[in-house]
Amino acid sequence: MATTTATLHHVKNLDLADQGRKRIEWANQSMPVLQTIRKEFIKHQPLKGIRVAACLHVTTETANLMITLRDGGADVALCASNPLSTQDDVAASLARDFNIQTYAIKGEDNDSYYSHILAAIDHRPHLTMDDGCDLVHLLHTKRQDALEGVIAGTEETTTGVIRLRAMAKDGVLRYPVIAVNDALTKHLFDNRYGTGQSTIDGVVRCTNVLLAGSKFVVAGYGWCGRGLAMRARGMGAEVIVTEVDPTKALEAVMDGFRVMSMHEAAKQGDVFVTVTGNKSVIRQEHFEIMKNGAIIANSGHFNVEIDIPALERIASSKRATRDFVDEYALRDGRKIYLLGEGRLINLAAAEGHPASVMDMSFANQALSAEYMVKNHASLEKKVYAVPQELDKRVARLKLEAMSIGIDRLSPEQEEYLASWSEGT
């Protein structure tokens, strides 16, 4: 039974808060960069008086980001960026223990999902913090009345950045947004190592399938696909990569993976995971030639990468066989198993990325929020990269937290690199 207080929160059950708080504290131990930024925020209050509406996966790591923003002076409202990605105990603790407006319930239907985003918009934000661009999209379509006070935003993931750039290209984006996803300390680590590990975790948790010796198909060889392919190979799987980009396909070949079309892979694969950011990557033509017992999952932001309506059309029956596992029986007797309703499996069936890698991503979020508050007036209504000095600062802080020292350029070396007359 959901617990509701109209102006403060909508979470599953506040009685879960004790467990949520313990897990938030556990994650915090692995987020030293964000800890450092939080101390600075407490001292300098860079977000004082700023209302933030955040549409993110409601996890232990996100909780520590929200607490950091709050401690920096922000008035925060948080909603989920995916119906299956909320950790209910964390949502309860944020609402009860940290006085952060939280609207999120794991497994919420579409109506609840969008009503929660609208509740965050009702906070009348100055700054938006999005993961997938749903909040920004609603602001620009159904809630333009709330746009007037928005000065800037940040975006966490590839899918959202793609949508935002399309909005900017069409001239409809109403305020500047930083693409946190494109920071090197985000996509090189979060997308690759975080998605790689957490996706395998989600697949194994809900199926208990043995990956060693299986044929594991990775659709897409961006940073997420690279990390997933690497981890699947590490578990002993024979990895097959599908791609539409010839350069990425060639890279996958050079990295030692088999590369082929999805049509060919569909005949061979035991486990399929999509990480492309596109729609209908696995379609009816592929379902029709898959092995009996094929397992299909998605780790992209939206559940459109797998054509689920097509699977339902050709199936004679559907039933849940395990938590987050739906069995589709086809008319010829084959069975195909869809994980997590086609939603991002690393959060639907597991806990998402480890805190130590989200430490960098959310450090970028916090610093980007501070940067946008200070500099929004001089920015155009378009998508910006994370300033390089912020990105490198996050990397330096992470290395320091790991007790790793690196070399520095000498004045002579700096002069050499900056001069066109050197080099002979």
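How many bridges join β7 to strand β8? Three bridges join this pair, with β8 spanning residues 177-179 and the two strands running parallel. The legends below cover close-up views of a predicted model.

**View 1**
Strand β7 covers residues 152-155. Ala152 and Thr154 point to one side of β7, and Gly153 and Glu155 point to the other. All four are buried. In a regular strand the side chains alternate between the two faces of the sheet. Strand β6, residues 127-130, runs parallel to β7 and is joined to β7 by four bridges. Thr128 has Gly153 of β7 as its bridge partner. Gly153 also has a bridge partner in β8, namely Val177.

**View 1. Two right-handed crossovers involve β7.**
Four bridges join β6 to β7. From β6 the chain passes through helix α6, residues 134-141, to reach β7, in a right-handed β-α-β crossover. Another right-handed β-α-β unit is made by β7, helix α7 (residues 158-169) and β8.

**View 2. Helix α6 is mostly covered.**
Six of the eight residues of α6 are buried. They are Asp134, Leu135, Val136, Leu138, Leu139 and His140. An α-helix has 3.6 residues a turn, so residues three or four places apart point the same way.

**View 3. Eight strands form an open, mixed sheet.**
The strand order is β11-β10-β9-β12-β13-β16-β15-β14. Which strands stand at the edges? They are β11 (258-259) and β14 (315-322). Each has a single partner strand, so one side of each lacks a neighbour in the sheet. Strands of a sheet pair through backbone hydrogen bonds, either parallel or antiparallel. Strand β9, residues 215-219, and strand β10, residues 238-242, run parallel and are joined by five bridges. In that pair, Val218 has Val241 of β10 as its bridge partner.

**View 4. Strand β12 sits between β9 and β13 in the sheet order.**
Strand β12 covers residues 271-274. Val271 and Val273 point one way, while Phe272 and Thr274 point the other. All four are buried. Four bridges pair β9 with β12 in the parallel sense. Here Ala219 is opposite Thr274 of β12. The pairing of β12 with strand β13, residues 294-298, is also parallel and has four bridges. Across that pair, Phe272 is opposite Ile296 of β13.

**View 5. Tyr328 is buried in strand β15.**
Strand β15 covers residues 325-330. Tyr328 has a relative accessible area of 1%. The cut-off for buried is under 20%, so Tyr328 qualifies. Tyr328 and Lys318 lie 10 residues apart in sequence, but their C-alpha atoms are 4.6 Å apart in space. A polar contact of 3.5 Å joins their side chains. Leaving aside residues up to four places away in sequence, Tyr328 touches Ile308, Leu311, Glu312, Ala315, Ser317, Lys318, Arg334, Lys335, Ile336 and Leu338.

**View 6. Gln45 and Glu341 have positive phi values.**
Most residues other than glycine have a negative phi, and most peptide bonds are trans. Phi of Gln45 is near 50°. Gln45 is placed in the loop between α2 (32-44) and β3 (51-56). Its relative accessibility is 29%, so Gln45 counts as partly exposed. Glu341 has a phi of about 60°. Glu341 is in the loop between β16 (335-339) and α14 (345-348). At 43% relative accessibility, Glu341 is partly exposed.

What is the volume of the second largest pocket? It is about 410 Å³. Rolling a probe the size of a water molecule over the atoms shows where empty space is left. The lining of the second largest pocket has 19 residues. Lys392, Ala395, Arg396, Leu399 and Ile406 lie nearest the centre. Helix α16 gives the most, with seven residues.

Key: Residues are numbered from 1 along each chain as its sequence is written. This is a predicted model: local features need pLDDT of at least 70, side-chain atom pairs count only at pLDDT 80 or more; totals for chains, interfaces and linings use all residues. Side-chain values use heavy atoms; hydrogens and water are left out. Buried means under 20% relative accessible area, exposed over 50%, partly exposed in between (1.4 Å probe, protein chains only). Two strands pair if DSSP finds at least two bridges between them. A crossover is right-handed if, with the strands pointing away from the viewer, the path from the first strand over the helix to the second runs clockwise. Contact means heavy atoms within 4.5 Å. A polar contact is a pair of N or O atoms within 3.5 Å; within protein, one must be able to donate a hydrogen and the other to accept it, and residues adjacent in sequence count only if both atoms are side-chain atoms. On a 1 Å grid over the protein atoms alone, a cavity is a set of points where a 1.4 Å probe fits but cannot get out, and a pocket is an open set with protein on both sides within 12 Å along at least five of seven lines; lining residues have an atom within 4 Å of a point. Grid points are joined across faces, edges and corners, and a volume is the space filled by probe spheres set on the points.
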